[in-house]
Amino acid sequence: MDLKTNTNVPVVAIRPYRLADAADTMAVFLAAVTETAAADYSPEQIQAWARPEARELSTWHAAMHERNSYVATVDGEPAGFSDVDSQGYIESNGGQKN
């Protein structure tokens, strides 16, 4: 069997969240809510969910750290995230940043 390597496939890695991921993961979240989900929710619902004016990086980081978050990277850049509870269940996830 001859397996060929496709060099056009992005490399996806999953790793624990870290402080340096705060701004990128918040951007992923905001893009997921305001862009990806925009077709499924009213502008009022989007605004209430996203609340970009009320978000601070230090608060975001503390919440991500406490929730046992993991970051998915594509070619080394954060592209999504998810939280895993103490029993191994996925609690939430973040969308992909374009």
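How many aromatic pairs does the structure hold?

1. The structure holds three aromatic pairs, a pair being rings of Phe, Tyr and Trp (its six-membered ring) whose centres lie within 6.5 Å, with planes under 30 degrees apart counted as stacked, over 60 as edge-to-face and the rest as tilted. This is a predicted model, in which local features need pLDDT of at least 70 and side-chain atom pairs count only at pLDDT 80 or more, while totals for chains, interfaces and linings use all residues. Residues are numbered from 1 along each chain as its sequence is written, and side-chain values use heavy atoms, with hydrogens and water left out.

2. Phe29 and Trp60 form a tilted pair, 5.4 Å centre to centre with 45° between the planes. Because Phe29 lies in helix α1 (residues 22–36) and Trp60 in helix α3, this pair ties together parts that are 31 residues apart in sequence; helices (H or I, at least four residues) and strands (E, at least two) are DSSP runs, numbered from the N terminus.

3. Tyr41 and Trp49 form an edge-to-face pair, at 5.4 Å centre to centre and 65° between the planes. Tyr41 is partly exposed at 38% relative accessibility, and Trp49 is partly exposed at 40%; buried means under 20% relative accessible area, exposed over 50% and partly exposed in between (1.4 Å probe, protein chains only).

4. Most residues other than glycine have a negative phi. Arg51, in the loop between α2 (43–50) and α3 (57–66), has a positive phi of about 40°.
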